[in-house]
Amino acid sequence: MSRHRRPFSLLAALTALAASAALAGCSPGESEARVEPPSAPPADVAGPCAALHKKLPQTVARLDRAQAVPESDLTAAWGGSAIVLRCGVGRPVKMLDPKQDGIEVNGVGWLVERLDDGGVRFTTGLRVAYTEVLVDKEHATDAGMLVGLSAAIAETVPVGISSS
């Protein structure tokens, strides 16, 4: 992921926040979301992910935290499937491409991937555990959505290079 800065407007932020809930199987209004946990991560990743799980906000983009099924310290969801988080995912291949878009929020770098269905996947970089967040386009109007998540990640997932 490129470390250089690109101009980043509010419009670009709102556009980037449009995302898919491809991993979840519920509508945003439901209190439960199907979220497949990543395969069992190594211990140096599992510990920070468990700590992150405890620090995640109860509300993101004005959506309440939902029950992720199956229950796991590696997953979380808000607004049913509107926002889905998985900690301990593998490094995205696109992270090696210096031409990929990236943003930094509260000291946490995020790879921004626009998906074919119009959604966006955000994946942290330069942390001992990669964390991905999918947001449906209906909730893309809250440009501050990554603020609370970034604060929790900055507090619990140390800077470093993931072993996964």
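**Helix packing, an aromatic pair and buried residues**

Author: Helix H2 (residues 43–55) packs against helix H3 (residues 145–156) at an angle of about 140°, with the axes 9 Å apart; helices here are DSSP runs of H or I with at least four residues, strands are runs of E with at least two, and both are numbered from the N terminus. This is a predicted model, in which local features need pLDDT of at least 70 and side-chain atom pairs count only at pLDDT 80 or more, while totals for chains, interfaces and linings use all residues. Residues are numbered from 1 along each chain as its sequence is written, and side-chain values use heavy atoms, with hydrogens and water left out.

Reader: Why is H2 called oblique to H3?

Author: Angles run from 0 to 180 degrees between the N-to-C directions of axes fitted to C-alpha atoms, for helices over the stretch in contact. Those under 35 degrees count as roughly parallel, over 145 as roughly antiparallel, 65 to 115 as roughly perpendicular and the rest as oblique. The angle is about 140°, and that makes H2 oblique to H3.

Reader: What makes up the contact, in which residues of H2 meet residues of H3?

Author: With contact meaning heavy atoms within 4.5 Å, Pro-48, Ala-51, Leu-52 and Lys-55 in H2 meet Ala-152, Ile-153, Glu-155 and Thr-156 in H3. These residues divide into 5 nonpolar, 1 polar and 2 charged, where Ala, Val, Leu, Ile, Met, Phe, Trp, Tyr, Cys and Pro count as nonpolar, Asp, Glu, Lys and Arg as charged, and the others, Gly among them, as polar.

Reader: Why is the pair of Trp-110 and Phe-122 called edge-to-face?

Author: Rings of Phe, Tyr and Trp (its six-membered ring) pair if their centres lie within 6.5 Å, and planes under 30 degrees apart count as stacked, over 60 as edge-to-face and the rest as tilted. The centres of the Trp-110 and Phe-122 rings are 6.4 Å apart and their planes stand at 85°, so the pair is edge-to-face. Trp-110 lies in strand S7 (residues 108–114) and Phe-122 in strand S8 (residues 120–125), 12 residues apart.

Reader: How do you know that Trp-110 is buried?

Author: Buried means under 20% relative accessible area, exposed over 50%, and partly exposed in between (1.4 Å probe, protein chains only). Trp-110 has a relative accessible area of 0%, so Trp-110 is buried, and Phe-122, also at 0%, counts as buried.

Reader: Why does Met-95 count as buried?

Author: Met-95, in the loop between strand S5 (83–89) and strand S6 (101–105), has 7% relative accessibility and therefore counts as buried.
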